[in-house]
Amino acid sequence: MIEGEQFLSFIIDAIFIGVLQASPLILAAMGFTLIYYLNGFINFGYGEGITYGAYFASLLNLTFGFSFYVSILPAALMTGGLSVLTYLYVFRPAIQRGVKPSELIILSVGLSFVLRYGLILVVGAENVFLDEPPIAFFTFAGTGATSLQFIALILVFTFAFNLYWVIYHTGFGEKVRGLADNPDLAQVSGINPHRVSIYVWFIAGSAAGLAGIFQGVFALVNPLMGWNLILITVMVSIIGGVGSVRGALFAAVVAGILTAAITLITKPLYAEVALLAAFIVILWRRGPKVV
Amino acid sequence: MAYFIFSLSLLLIYLGLALALHVQFGMLGVANFGVVGFWGLGMYAMAVFQVQLDLSFVDAFVLVTVLSLAISWLIGWLVLRLDPQATLCATIAFAAIVALLIVTEKWMTMGVVGIGTIRYPLRIGDGTEYLYFAVLVALVVGLQMLVLRLHKSPTGRLLQAIRDNEELCASLGKDTIRVKMFWFVGASVAMCLLGALSAPLNQFLTPNMIVPSVTFAVWIALVLGGKEHALGATVGVFVTFGVFDILIETYAPVSPELAVVVPNLKLFLYGLLLMAVLVYRPTGFLAPTTPPEEVWSRIKSGAITSFAAAQSGVKTLQATVNPKPKSSQDDKPDTTPSEPGDDKT
Amino acid sequence: MKLSATGLTKSYTGHTVLDIANASFGGHGVEGLIGPNGAGKSTLLGCLTRRIEATTGDVCVDDEDVSQSLMSMQSFEVARLGVIKTNQRIQNFDSLTIRDSLRMAATPPERQDWRSVWRAPPVDEELETEIDALLSRFPFSDPKGYANSGGEKKLLDILRCIIVKPKLLLMDEPTAGLPDEITQDVMKLVQEKVDAGDMTVVIIEHDLDLIWSNCSYVHFLSEGAILFEGTPDAVKKNRVVAEKYMGV
């Protein structure tokens, strides 16, 4: 009987911690998926959006002294702008010059190094701690969480469901899906791929920025945070079936809960090892089909 | 001097890695983004066998070979049937696993504390580093010869055919998976063994040596030099590692404050270079059709143009940073200093 | 060499595109495979060469001495038995010259493994003369260089298949993208090889004149099934073929 209770509380803990931890991941995975879905290549530079989001927030929060909550929206929008710039000045010209998807990935790794080490050259590599607002502590079903975590969770899910709704239930979403499924047909029917791409890169970039801001406030901000998160983001998107925003949302939640469950049993690093190994095996099981 | 030899030895290791990657990516088309995984595995395995099991260099080397063969085979089996994007992601994941396990398995690798000291195969007093360097030179020259011969052999043509169009190749009766497996595993084992050979150079290993920027440095060298050319890897490593880690660090007078910035600046420039090459000159410095005899003259002319470009770059920089009123007035009629805003167009 | 298909079907998400009850290919010198677009002709050749996994059924190879099922084989093993297919869409090894491409295709596996790296430069005199002979028959704009135009790539694709010395050559629309006179030269070469008893041929083609003048046997495929087969004259006279295909 006691064992059963312990098991139940273990499950609740795992789900609770998992969902809380997964909130940045959900955002990152959805944004990443959106770009993959539309342009058909894996963008490792997306990880830097996460880093830059956190640094934009720290700029507003620490340098200009705005409160953390005030900093969230502008920092996310700034990251969206950065994302659009990378599309306009790096990826679009490359696609137009006929660079293949597998080379675009390498290009995106190059971009991510430029952004990351450019940032380090400007602000240094030291850890930065965001100025957190006063925090209240709640307990829920025997598990504790801070008010900040709850706000993050609510914001993330609002964003996630809005994005989901936009992609699946609006004219704009229809255009995005049309372009992703059959670019030629979509263009013939009068969709301007360039404009849609700009919007998508903006939304995806903002999602990365938000992810970075929350990742940063939960832990700390440093120039490597994006690179550390991008691998898991790519994994989650691919496991969830890249090209489906639905799948990414679902996979991110599951991955978060799974990570939390493994973390509760062993060390957090093992959780990452297990996820990475599972990722390789899943790719292998899928075989030569497109990711 | 000892540090100079250390840097040169490290250059040879990178050269070997780039040659192995050339076989995998340049010839076979397998995008292995887990170079640091194989290299780190070999290096740490050498350390663990020597320090924890107290084996001699040779015994440890044999064990590393066996281990790396098994792991490379496993990874090959897992990733070679995938499409290029998935292969790339899976190999990155492999490298990440290696890096994580080195931190977690403290009982074996000593974790973040670091592990050492790793011995050279034999000590002959002060000459040890030089002897070891000579051995590395011989090995890397051997690898380069192998790659040159591979390009001229029927096997080389088969590998290129697989890279160009694997399905077409199979439809002509070629066992493409087996061929890919053989050369991928061979090149991966070479990477592991280069790692094993790097262990005595470093003597003391810490997990922060197993970072993605190692993979990245090898990739940028290969892509910059010319990924499909037999000499591309070599040219690329000399241009990147040779210039940044040896010429600049040895000869450029850098103040201590700047010395901290240099590695970051290096990776920043590597990224920029990689992007520029991929977009503007996808074949790299040496196009696949450049005959080996012409490589040297290309390098000379390339060096002269880039030197001239660097000189003019420095001049414009000086002109914009410290505009001397007098001289700039003198220059005005015939020079139009470039505006910073021009870059955007 | 002859391939026999029994109960061979292929379905995509429940929709059956191929359903061959019982048929054999390659027993009559040069055979034609005709039928309207979407009849399943290319799918059939794909299943015969194991490039496409059939949903059900069996394909057997019948040579003088061997008779074995292909269903457990990979596509390269089928090719090694001597069943080679030319491609409808342009397929090429872009970084190989015309000559290297032919060399690569014709070199047997045991001369292409790692040992060949260390051996003396292996110039296979016999193969080189064979390539010379082949290249002298067809006008490439740069015979020492690369196949440049789509037509040259298509031609090279066919020559690559022929130099492998297939026992059964499957040709998927050889005329598409090739000038008439080249097509005729190709068919002449094919006919020579067939007459010499080196191989048999199955051709998919919409150019019916080519079928009538080259084939001794014709299969008519429609909606995934073989509706009629026989000599060209019999097929021409057949009412079903006329109704379904020849637009009467």
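The following paragraphs describe a predicted model of three chains, from chain A through the contacts between chains to some individual residues of chains B and C.

Local features are reported only where pLDDT is at least 70 and side-chain atom pairs only at pLDDT 80 or more, while totals for chains, interfaces and linings use all residues. Residues are numbered from 1 along each chain as its sequence is written, and chains are lettered from A and ligands numbered from 1 in the order in which they are written.

Chain A has eleven helices and two strands; helices (H or I, at least four residues) and strands (E, at least two) are DSSP runs numbered from the N terminus. Read from the N terminus, the elements follow the order α-α-α-α-β-β-α-α-α-α-α-α-α. The radius of gyration of chain A is 19 Å, close to the 19 Å that the globule rule gives for 291 residues, so chain A is as compact as a globular protein of that length. Here the radius of gyration is taken over C-alpha atoms, and the globule rule is 2.2 Å times the number of residues to the power 0.38. Along the principal axes, the C-alpha atoms of chain A fill a box of roughly 65 × 50 × 35 Å. Buried residues make up 49% of the 291 residues in chain A; a residue is buried if 20 or more other C-beta atoms lie within 10 Å of its own, exposed if 12 or fewer, and partly exposed in between, with C-beta atoms placed from the backbone. Among the contacts in chain A with a separation of 6 or more, 78% join residues 24 or more positions apart, where a contact requires C-beta atoms, placed from the backbone, within 7 Å.

The largest nonpolar core holds 263 residues. Such a core is a set of buried Ala, Val, Leu, Ile, Met, Phe, Trp, Tyr and Cys residues joined through C-beta atoms within 7 Å. The members that touch the most others are Ile26(A), Met30(A), Ala252(A), Leu17(B), Ala18(B), Ala93(B) and Ala221(B). Helix α1 (residues 2-39) of chain A gives the most to this core, with 17 residues. Leu17(B), one of the members named above, is in contact with Val35(B), Trp39(B), Met191(B), Leu194(B) and Val218(B), leaving aside neighbours within four places in sequence.

Two pairs of chains are in contact, and chains A and B share the most contacts. Their contact takes 39 residues from chain A and 35 residues from chain B. On the chain B side, α4 (84-104), α10 (212-225) and α12 (256-280) each supply at least two residues, and α4(B) provides the largest share, 15 residues. This side divides into 29 nonpolar, four polar and two charged residues. In this division Ala, Val, Leu, Ile, Met, Phe, Trp, Tyr, Cys and Pro count as nonpolar, Asp, Glu, Lys and Arg as charged, and the others, Gly among them, as polar.

Chain B also touches chain C, through 24 residues from chain B and 30 residues from chain C. On the chain B side, α6 (128-152), α7 (154-164), α8 (166-171) and α9 (176-202) each supply at least two residues, with the largest share, seven residues, coming from α7(B). By class, this side has ten nonpolar, seven polar and seven charged residues. No contact joins chain A and chain C, whose closest C-alpha atoms lie 14 Å apart.

Within chain C, helix α5 (residues 125-137) has 13 residues and reaches 19 Å from its first C-alpha to its last. That span is close to the expected 18 Å, which is 1.5 Å times one less than the number of residues. The helix α5(C) is hardly covered, with one buried residue among its 13 residues.

Val17(C) lies in strand β2 (residues 15-25) of chain C. Val17(C) is partly exposed, with 18 other C-beta atoms within 10 Å. Not counting residues up to four places away in sequence, Val17(C) touches Lys10(C), Ser11(C), Tyr12(C), Gly40(C), Thr43(C) and Gly224(C).

Most residues other than glycine have a negative phi. Glu223(C), in the loop between β9 (217-222) and β10 (225-230) of chain C, has a positive phi of about 50° although it is not a glycine. In chain B, Gln203(B) lies in the loop between α9 and α10 and has a positive phi of about 65°, again without being a glycine.
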